[in-house]
Amino acid sequence: MKRRPLLLAALLIGGAGGYLATLAAAPGFIMGVAVERSAEAIGLNRMTHVAPVTFASQTIVRPSPDLAYSSCPFDLAAGPLLIEVAPVPGHYWSLSVFDHRTDTAFVRNDVQAKGRPVRVALARPSQPTPSGLERVELGGDRGIALVRILMASREEIGAIDPIRRQSRCRPL
Amino acid sequence: MRTGLLVALALLTGLAAGAGLAIAQMRGGTMGGEPIGGPWTVGAKVGTAEAGLLTRATVALRGLLALPPSEARYLNATTDSAGAALDGRCRYRVKGGAVEARWWSLTVYDGEGRLLDVPADRHSLGSAALPEGGARGWQVALGPGARLPTLPGPFELTLRAYHPRGTLLAGTATPGLPVIEKRGCG
């Protein structure tokens with residue numbers, strides 16, 4: 001009879017532990033898979049400019065068909081990374097950097113950039129970066145940098161594409 | 001010895017059940033379950049370090065790379081304004097007015113957050129195509145063969161509001177969000 005409370009307590013403790021551990025581990029696991037898949041498809045530490053998303057081409061959940069995406073899956077294990085984003089006049093655009101836990105580590109949009117290019121260095125706390133370069137420190141090696149550009153229509157991609165191809169990311 | 005084995009089994013069973021519950025909640029969750037007006041819900045701290053465990057995990061699964069609220073609000077509807085689940089076999093009218101944001105768009109997804117296999121990839125409409133229309137506002141047809149087409153089965157609507165202002169930015173009750181009216185089914 002004395003075993004029953006003990007077993008119930010073990011069940012509850014195990015349940016709470018399993019629940020919390022799964023929720024805590026999920027973002028890192030999902031981001032790891034996303035970076036891995038992107039790296040296999042387009043490589044690490046380089047910016048890739050993808051065509052406007054369609055039913056057939058969607059690779060991530062909940063993509064926006066209104067946006068032209070450029071992405072740079074990165075790994076800072078070998079050193080810091082430089083990201084340069086060219087402004088697209090007359091359009092909403094932004095650069096966002098997502099860390100290994102899927103949190104937003106950095107966002108800069110067209111209004112904040114005031115029509116100027118964005119240049120930032122992504123680095124771990126222990127990695128030095130050139131002075132004069134805006135520095136974004138990350139708590140993990142891996143993540144994804146994403147450039148979003150609003151298109152009034154899908155046809156606008158022809159005019160936007162040559163400009164966004166000036167945006168890049170590369171090891172420093 | 002036998003008690004120890006039973007305790008270990010109970011712990012393992014609990015672990016598995018807890019993990020299963022967490023996965024079910026993530027899969028069944030939306031981009032944030034806090035009501036903000038009508039059928040719309042929002043995740044108050046999506047994309048930020050302040051997001052809770054469940055919000056962060058759900059967004060990672062169902063809306064990876066979501067922006068923080070200062071940049072964009074993601075409102076989600078899985079029901080119409082009368083509370084009935086959105087059904088791709090039914091016809092709806094979505095009506096609205098000014099949205100407190102720099103620009104916004106409505107996108108149709110299936111229950112897993114994927115775009116539908118609809119003609120001409122017509123998945124979204126937004127402020128660029130739907131001028132606010134003064135006092136009368138704007139409206140758009142949603143359903144099989146409509147301007148914003150659906151396919152049979154459950155679906156979701158996501159309202160993206162970039163550079164939100166006022167209550168939309170705060171993530172608190174926002175009056176005047178789009179109304180989703182069912183017009184008929186089948």
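Figure 1. Chain A exposes about 8200 Å², an accessible area from the Shrake-Rupley method with a 1.4 Å probe, for which only the protein chains shown count as cover for residues. Carbon and sulfur atoms supply 59% of that area. Of the 172 residues in chain A, 52% are buried (under 20% relative accessible area, 1.4 Å probe, protein chains only).

**Figure 2. Secondary structure of chain A.** Three helices and nine strands are present in chain A; these are DSSP runs, with helices being H or I of at least four residues and strands E of at least two. Their order along the sequence is α-β-β-β-β-β-α-β-β-β-α-β. The radius of gyration, 20 Å, is well over the 16 Å of the globule rule for 172 residues, so chain A is more spread out than a compact globule. That radius is taken over C-alpha atoms, and the rule is 2.2 Å times the number of residues to the power 0.38. The C-alpha trace spans about 75 × 40 × 30 Å along its principal axes.

**Figure 3. Contacts within chain A.** Of the contacts (heavy atoms within 4.5 Å) between residues at least 6 apart in sequence, 72% join residues at least 24 apart.

**Figure 4. Confidence.** Chain B has a mean pLDDT of 87, with 91% of its residues at 70 or more; pLDDT is the predictor's confidence in each residue, from 0 to 100. The model scores ipTM 0.82 and pTM 0.85.

Residues are numbered from 1 along each chain as its sequence is written, and chains are lettered from A and ligands numbered from 1 in the order written. In this predicted model local features need pLDDT of at least 70, side-chain atom pairs count only at pLDDT 80 or more, and totals for chains, interfaces and linings use all residues, while side-chain values use heavy atoms, without hydrogens and water.

Conventions. Buried means under 20% relative accessible area, exposed over 50%, partly exposed in between (1.4 Å probe, protein chains only).
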